[in-house]
Amino acid sequence: MAVASFIGTAIEFYDFYVYGTAAALVLNEAFFPNLSSLNATLASFSTYAVAFAARPIGSLLFGHFGDRIGRKSVLVASLLLMGLSTACVGLLPGYSTLGVWAPLLLVLLRFLQGVGLGGEWGGAALLAVEHAPRGRRGLFAAFPQLGPSVGFFAATGIFWLLSESLSDEAFRSWGWRIPFLLSFLLVAVGLFVRLKISETPVFAKVMADQEASRAPALEVFKRHPKEILLGAGGMVVAYGLFYTATTYCLAYGTKTLGVPRGTMLAVSLVACLFLAAGTWLAATRSDAGGRRRTVLAGSGLAVVWGPVLFLLMDTEQPVLIALALGGALFCMGVVYGPMGAYLPELFSVRVRYSGASFAYNLGGVLGGAVAPLVATRLQSAFGSSSVGWYVSAMAVISLLCVLALPETRERELG
């Protein structure tokens, strides 16, 4: 079950990150050609942010059915919505063909992407955690938590291959569409895997005892408001680090520093290995050392690394840029890894899908949606060092929120 949750999550995050990479490299030209370079970049990042606003909606929608009828069927539905929305971006004509309808349809598809991903993570995490034996929930949850690392690596790797093998004109004309169209194939693979999984034993017992919540969203806000808000706050730095170090820094490196596109994509691939290492190390260690302590350590590291990130980026040296991004993503992984078990453990079984999903995705709105937009404005007005301090501020917010949460690794899930 852990492997099945990993495969599906990797595919869905591939879909999500393909858009982020394209937003940093080419969508501004394809869909906003009449704007200035800065405003086109901001417009591109704004369409990127739309999905984050949609993710809490998806978490409540899919969470309702996940807590009412089960985890498995909801995961199949979220995969279909996410994958098909992504593939359709690859088929969408640009501004030169459709005019204003092109960016409007792009926003709609991005919104549907967000709704789909909003239902994905909670179900995948619960699939792993609720099948795990006690004392090994961090280990089992590490598998879906590796999904973003693998999805990002695959998305960046495909863009790097296309960037290196195609002329710049071909890449900007049609090459960027290929990663989106590959989603048709990935959806088929994901469906094959997900249709074979079984319902989790914890939720199967809820159904057998006829104890499923009739209104999970209302119940979770009534019973667990503190856990929702503090859990979301704990996730802020993970999202902020990731989308600053990937989407924003990719645009900053290529367009402001003048680093070649292929070089920036290559160092992003290297940095992704740091993310995977931090995620696996922290998730598995949290079974012995505790979720709370591990997340606090990652947040503390991020406070320190924020100012270092752009000191290294601004050298324009590929090795130091790789270190800058790798360090940021390692800090993110240390926070993110234990969250696969930590957030589900904060909520009772009747509302676990709704609660864990909403907290996770609300953190995305606060930390991920605005990070590239705020970073672009800060850099333009105050220089790159201000973006580093912005990252540190997000880390302080997460540290304070997690300090107010309890340790959960000894809790029963049933």
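**View 1. The largest pocket holds about 180 Å³ of space.** This is a predicted model, in which local features need pLDDT of at least 70, side-chain atom pairs count only at pLDDT 80 or more, and totals for chains, interfaces and linings use all residues. Residues are numbered from 1 along each chain as its sequence is written, and side-chain values use heavy atoms, with hydrogens and water left out. A pocket is an open set of points on a 1 Å grid over the protein atoms alone, where a 1.4 Å probe fits, with protein on both sides within 12 Å along at least five of seven lines. Grid points are joined across faces, edges and corners, and the volume is the space filled by probe spheres set on them.

**View 2. Residues S37, L38, T41, Y248, A251, Y252, K255, T256, T376, Q379 and S380 line the largest pocket.** A lining residue has an atom within 4 Å of a point. Helices α3 (37-68), α14 (225-256) and α19 (371-382) each give two or more residues to this lining. The most come from α14, with 5 residues. Helices here are DSSP runs of H or I with at least four residues, strands are runs of E with at least two, and both are numbered from the N terminus. The lining has 4 nonpolar, 6 polar and 1 charged residues. Ala, Val, Leu, Ile, Met, Phe, Trp, Tyr, Cys and Pro count as nonpolar, Asp, Glu, Lys and Arg as charged, and the others, Gly among them, as polar.

**View 3. L229 is a residue of helix α14.** Its relative accessible area is 57%, so L229 is exposed. Exposed means over 50% relative accessible area, buried under 20%, and partly exposed in between (1.4 Å probe, protein chains only). L229 and A359 are 130 residues apart in sequence, yet their C-alpha atoms are 6.6 Å apart in space.

**View 4. The structure has 0 disulfides.** A disulfide is counted where a pair of cysteine sulfur atoms lies within 2.5 Å. C331 is in no disulfide, and the nearest cysteine sulfur, that of C249, is 13 Å away. C331 is buried because its relative accessibility is 4%. C88 has 33% and is therefore partly exposed.

**View 5. The chain has 20 helices and 0 strands.** Its C-alpha atoms fill a box of roughly 60 × 45 × 35 Å along the principal axes. Of the 414 residues in the chain, 61% are buried.
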